[in-house]
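Subject: The structure, and what turned up in it

Hi there,

Here is the structure I promised to pass on. Please have it open while you read, and my notes follow just below.

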Amino acid sequence: MRACLHTGKLAFLAILVSGGIVLQILACALYNNWWPMLTVLMYVLLPMPLLFFAGSNGSSLFSESENSWVNATKFLTGASAVGSIAIPVILKHAGVIGWGALAMELSSFFVLVLAIMCYIGMSEDDDYSIL
């Protein structure tokens, strides 16, 4: 029974991540404009500070810390997250993309953030690890 529940949770995460990727690609393909793919660079850069600076103690990211590496990790991760929203907004402001592509880009970001938050919630409850 427990294995079925784990399979269902992992399937839900897979559907969320796949949906985010599909929205990202549709934002480009439907409007025949591939500039919104710049956001993918920020999606790739987003977990890098966590992988390089956080180490194996992921719980230190959720508490106040005097460690400068943890603070740098929080700052760089936040800057990447803001960049993931800022790139499509700047492209819309410059007139490079339309409102539909902007809406799909932002919905893609929020679906992927929802997947990350669900994964973190799963890793706190069960035996999944973040790294």
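In which helix does S84 lie? The residue belongs to helix 4. Before going further, please keep in mind that this is a predicted model.

**The chain as a whole**

The chain contains 5 helices and 0 strands, and its elements read α-α-α-α-α from the N terminus on. Of its 131 residues, 27% count as buried. Among contacts in the chain with a separation of 6 or more, 65% are between residues 24 or more positions apart.

**Helix 2 against helix 4**

The axes of helix 2 and helix 4 (residues 68-93) come within 9 Å of each other, crossing at roughly 170 degrees. Because angles over 145 degrees count as roughly antiparallel, helix 2 is roughly antiparallel to helix 4. On the helix 2 side, the contact is made by L38, T39, M42, Y43 and L45. Helix 4 contributes A79, S80, G83, S84, I87 and P88.

S84 itself is buried, with a relative accessible area of 1%. If you set aside its neighbours within four places in sequence, S84 is in contact with T39, M42, Y43 and F109. Two of those names, Y43 and F109, come back in the aromatic section below.

V44 is also worth a look, and it lies in helix 2. Is V44 buried, exposed or partly exposed? With a relative accessible area of 45%, V44 is partly exposed. Its C-alpha atom is separated by 9.2 Å from that of S80, although V44 and S80 are 36 residues apart along the chain.

**The aromatic rings**

How many aromatic pairs does the structure hold? There are 2 of them. In one, the ring centres of Y43 and F109 are 6.5 Å apart and the planes are at 10 degrees, so this pair is stacked. The pair links distant parts of the chain, since Y43 is in helix 2 (residues 38-45) and F109 is in helix 5 (residues 99-125), 66 residues apart. Both Y43 and F109 are buried.

The other pair is F109 with F110: their ring centres are 5.3 Å apart and their planes are at 70 degrees, so they meet edge-to-face. F109 takes part in both pairs, and its relative accessible area of 7% makes it a buried residue. Together, Y43, F109 and F110 form one aromatic cluster.

**The cysteines**

How many does the count come to? The answer is 0 disulfides, where a disulfide would need a pair of cysteine sulfur atoms within 2.5 Å. As for C28, it is buried, with a relative accessible area of 0%. C118, in turn, counts as partly exposed at 24% relative accessibility.

Best wishes, and happy browsing!

Key. Residues are numbered from 1 along each chain as its sequence is written. This is a predicted model: local features need pLDDT of at least 70, side-chain atom pairs count only at pLDDT 80 or more; totals for chains, interfaces and linings use all residues. Side-chain values use heavy atoms; hydrogens and water are left out. Buried means under 20% relative accessible area, exposed over 50%, partly exposed in between (1.4 Å probe, protein chains only). Rings of Phe, Tyr and Trp (its six-membered ring) pair if their centres lie within 6.5 Å; planes under 30 degrees apart count as stacked, over 60 as edge-to-face and the rest as tilted. Helices (H or I, at least four residues) and strands (E, at least two) are DSSP runs, numbered from the N terminus. Contact means heavy atoms within 4.5 Å. Axes are lines fitted to C-alpha atoms, for helices over the stretch in contact, and angles run from 0 to 180 degrees between N-to-C directions. Angles under 35 degrees count as roughly parallel, over 145 as roughly antiparallel, 65 to 115 as roughly perpendicular and the rest as oblique.
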